[in-house]
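Biologist: I would like to learn how to read the features of this structure. Please give the general idea each time, then the case at hand.

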Amino acid sequence: MDMFISQFLNVEIIGQALPLLLRGLGMTAQLCLAVVPLGLVGGLLIALVCLSKHRAIRWPAFVLVDFFRAVPPLVLLIFIYAGLPFIGIRPSPFVAVCIAFLLNTGSYYGEIYRAGIDSIGKGQWEAARSTGLTTTQTLVYVVIPQAVRNVLPDLVSNTVEVVKLTSIASVVALPELLYSADMARSLTYNPSPIVAAAVIYLILLWPCVRLLSRLEHRVAR
Amino acid sequence: MDSTTVFLDAFFNRAVIDKYLPDILWGMIITVEVALAVVATGIALGLLLAAVRSFRVRPINVLIVLFVDVLRALPPLVLILIIYFGLPSVGIRLSGFAVLWLVLSLVLAAFAEEIFWSGILSIRKGQWEAARSTGLTFLQTLTHVILPQAVRMTVPPLTNRTIAITKNTALGAVIGVPEILMQAQTAQSFSGNATPLLLGALAYIVLFVPVVVLGRWLETRFAWGRA
């Protein structure tokens with residue numbers, strides 16, 4: 001038991017690593033502030049393109065969405081970070097992560113919005129249009145607000161996934177929470193800093209998960 | 001060299017494809033092995049947990065909810081690193097393959113439990129009462145009446161979640177599991193060329209696009225279940 005505590009919950013080592021971990025947490029926060037809005041806005045655009053009446057516009061969008069949902073985000077990230085320099089484009093780790101997230105999580109958000117917009121009955125469109133609203137006005141004032149409300153649990157759930165996913169930025173040496181923790185681990189030969197990082201993730205995300213679980217079960221009933 | 005030649009040479013290099021395609025194919029086999037193992041154990045454990053939860057024994061349910069919440073809140077990569085680097089220091093040595101399988105199975109089990117439990121809750125009380133009044137035991141009611149109806153409804157969300165989690169097999173590259181991404185990265189650094197990375201991405205597309213399309217189809221096929 002003592003060995004377990006000194007290996008996983010070593011207070012002394014966690015204390016030493018704490019400043020590093022907090023700086024990492026700051027970077028994780030910046031990353032979230034960049035990629036969550038990117039995904040939310042990008043996803044909405046993708047959903048609107050997928051709803052286009054013209055097949056020539058709609059189909060490429062569907063193919064791209066399925067494409068980016070099939071490729072693991074880490075593979076996409078490595079491809080952008082390690083592949084693009086070969087043709088002379090050298091994105092910084094932060095930019096590479098943002099591009100990968102825009103493509104990957106944008107596709108997931110897009111699918112959620114699309115399901116939401118699909119769930120709004122045709123009558124809503126017809127009623128709004130017949131009062132003299134244009135298509136854009138109908139979309140902005142009538143359809144999207146209701147659609148977003150219908151898929152709110154899915155949007156929150158995907159956002160939790162996005163926050164968790166920022167941990168893969170550690171693989172391209174972006175000094176976010178997990179990277180800092182892993183660095184502290186390799187300096188101290190003790191996995192306690194990663195356990196501390198896990199606790200930080202838990203403190204941040206547990207309330208969201210609890211809320212989600214309530215939302216999901218309420219909807220199911 | 002003009003820019004098209006540079007591009008083709010960097011991403012579609014014939015010599016590199018010929019040399020490293022076998023490695024990528026080998027990586028695909030490993031990825032499929034991990035993915036199938038994760039799906040089998042993850043979903044089975046998830047279903048078991050949901051079934052146990054329906055007995056509504058308070059202390060056990062608190063533990064199940066705790067397990068599910070923690071695994072839903074933690075990034076899988078964090079768990080992988082804790083187990084991979086942590087267990088050896090308390091004397092347990094697991095291969096990268098085993099760690100990847102263990103972590104992803106537990107994560108999938110947590111999500112699957114939530115989805116199955118939602119399904120079980122959505123079955124009306126009358127179904128329980130009717131089945132019990134015909135003389136079925138609690139367990140018989142659960143396995144013959146409730147679960148068959150509940151599981152049916154969970155197919156679309158479960159498929160999507162399973163795809164998302166099995167794609168995380170790529171995280172194995174971080175702990176040296178020789179799956180697609182690991183093979184692609186190794187080949188990229190040996191060849192000094194980006195073609196293997198593109199091959200790796202294509203390998204995932206070949207494996208997962210059919211599953212994504214299947215998920216899309218299931219969603220429309222089972223849509224009535226949600227009404």
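Modeller: Start with helix axes, which are lines fitted to C-alpha atoms, for helices over the stretch in contact, with angles running from 0 to 180 degrees between N-to-C directions. The model is a predicted one, in which local features need pLDDT of at least 70 and side-chain atom pairs count only at pLDDT 80 or more, while totals for chains, interfaces and linings use all residues. Residues are numbered from 1 along each chain as its sequence is written, and chains are lettered from A and ligands numbered from 1 in the order in which they are written.

Biologist: How do the axes of H7(B) and H9(B) cross?

Modeller: Helices (H or I, at least four residues) and strands (E, at least two) are DSSP runs, numbered from the N terminus. In chain B, the axes of helix H7 (residues 138-166) and helix H9 (residues 195-221) come within 9 Å, crossing at roughly 160 degrees. Angles under 35 degrees count as roughly parallel, over 145 as roughly antiparallel, 65 to 115 as roughly perpendicular and the rest as oblique. H7(B) and H9(B) are therefore roughly antiparallel.

Biologist: Is the crossing of H7(B) and H9(B) left-handed or right-handed?

Modeller: A crossing is left-handed if the near helix is turned anticlockwise from the far one by less than a right angle, and right-handed if clockwise. For H7(B) and H9(B) the crossing is left-handed.

Biologist: Which residues meet there, in H7(B) and H9(B)?

Modeller: Two residues are in contact if their C-beta atoms, placed from the backbone, lie within 7 Å. From H7(B) come Val155(B), Pro156(B), Thr159(B), Asn160(B) and Ile163(B), and from H9(B) come Phe208(B), Val211(B), Val212(B), Gly215(B), Leu218(B) and Glu219(B). By class, these are seven nonpolar, three polar and one charged. Here Ala, Val, Leu, Ile, Met, Phe, Trp, Tyr, Cys and Pro count as nonpolar, Asp, Glu, Lys and Arg as charged, and the others, Gly among them, as polar.

Biologist: How do H2(A) and H9(A) cross?

Modeller: The axes of helix H2 (residues 11-50) of chain A and H9(A) come within 7 Å, at a crossing angle of roughly 155 degrees. H2(A) and H9(A) are therefore roughly antiparallel, and their crossing is right-handed. Among the residues that make the contact are Ile13(A), Ala17(A) and Leu20(A) of H2(A), and Leu177(A), Tyr179(A) and Ser180(A) of H9(A).

Biologist: What is the secondary structure of chain A?

Modeller: Chain A has ten helices and zero strands. Its C-alpha trace spans about 70 × 50 × 25 Å along the principal axes. Among contacts in chain A between residues at least 6 apart in sequence, 75% join residues at least 24 apart.

Biologist: How many of the 221 residues of chain A count as buried?

Modeller: A residue is buried if 20 or more other C-beta atoms lie within 10 Å of its own, exposed if 12 or fewer, and partly exposed in between, with C-beta atoms placed from the backbone. Of the 221 residues of chain A, 41% are buried by that count.

Biologist: What does the largest nonpolar core hold?

Modeller: A nonpolar core is a set of buried Ala, Val, Leu, Ile, Met, Phe, Trp, Tyr and Cys residues joined through C-beta atoms within 7 Å. The largest has 121 residues, and those with the most contacts inside it include Val75(A) and Leu100(B). Helix H5 (residues 96-121) of chain B gives the most to this core, with 16 residues. Leaving aside neighbours within four places in sequence, Val75(A) is in contact with Ala170(B), Leu181(B), Gly200(B), Ala201(B) and Tyr204(B).

Biologist: How many residues does each chain give to the contact between chains?

Modeller: Chain A gives 41 residues and chain B gives 40 residues. On the side of chain A that touches chain B, H10(A) gives the most, with 14 residues. That side divides into 28 nonpolar, five polar and eight charged residues.

Biologist: Where is phi positive in a residue other than glycine?

Modeller: Most residues other than glycine have a negative phi. Tyr189(A) has a positive phi near 55 degrees; Tyr189(A) lies in the loop between H9 and H10 of chain A and is exposed, with 10 C-beta neighbours inside 10 Å. Arg56(B) also has phi near 55 degrees. Arg56(B) is in the loop between H2 and helix H3 (58-73) of chain B and is exposed, with 8 other C-beta atoms within 10 Å.
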